[in-house]
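Hello,

Here is the structure I said I would pass on. My notes follow below it.

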Amino acid sequence: MSFVFLVIFFAFSGWIDLPENVLQVSFGWFMLAWFGSSLAILLGALAEEFELVEKLWHPLAYILFPLSGAAFLVDALPQEAQYYVLLLPMVHGTEYIREGFFGSQITAHYDLGYMALVNLGLTISGLSQTMKISRTITPE
């Protein structure tokens, strides 16, 4: 919600233009939020069961941020690199948001169907893992 207020503030102050497609930007944020939520549920459940997940996640998170698409345009990468970068689902959401902001000024590469399938898989895996460990955990 604060993102919307920031965009409105910066737009009315003249620092940025309003997005070309507000609904596209909103849906892109929804897809990224769904990805983050489902990944958090899965990692939280796995970290409760395996200590190694908790130790490895923090360094992996630092590696994933630069690969999320926030720092680069997929179109600016070589063709071979585009294929591998587009295997990461958050890149699709970032590119979709970027297209909503800039529209015809950029060439965005995304597949929201792929991102939705990955999000659904993460959600189902996370909820089933949570159900599995809920049988063995006793509240303190």
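The model is predicted, so please read what follows with that in mind.

Thr94

I looked at this residue within its helix. Thr94 lies in α5, the helix that covers residues 89–102. Is Thr94 buried or exposed? Its relative accessibility is 15%, and because the cut-off for buried is under 20%, Thr94 counts as buried. Its side chain reaches back to Met90, where the backbone oxygen is at 2.9 Å. If neighbours within four places in sequence are set aside, the contacts of Thr94 are Leu32, Ser68, Gly69 and Ala70.

The helix around it

Helix α5 is mostly covered, with 12 of its 14 residues buried. The length of α5 agrees with expectation: at 1.5 Å a residue, its 14 residues should span 20 Å, and the end C-alpha atoms are 20 Å apart. After α5 comes Gly103, which has a positive phi, near 60°.

Confidence

Across the chain the mean pLDDT is 90, and 98% of the residues score at least 70. Which helix has the lowest confidence in the chain, and which the highest? The lowest is α1 (residues 2–12), with a mean of 76, and the highest is α6 (residues 112–134), at 96. Where pLDDT is low, predicted coordinates should not be read in detail.

Regards

Note on methods
Residues are numbered from 1 along each chain as its sequence is written. This is a predicted model: local features need pLDDT of at least 70, side-chain atom pairs count only at pLDDT 80 or more; totals for chains, interfaces and linings use all residues. Side-chain values use heavy atoms; hydrogens and water are left out. Helices (H or I, at least four residues) and strands (E, at least two) are DSSP runs, numbered from the N terminus. Buried means under 20% relative accessible area, exposed over 50%, partly exposed in between (1.4 Å probe, protein chains only). A polar contact is a pair of N or O atoms within 3.5 Å; within protein, one must be able to donate a hydrogen and the other to accept it, and residues adjacent in sequence count only if both atoms are side-chain atoms. Contact means heavy atoms within 4.5 Å. pLDDT is the predictor's confidence in each residue, from 0 to 100. The expected span of a helix is 1.5 Å times one less than its number of residues.
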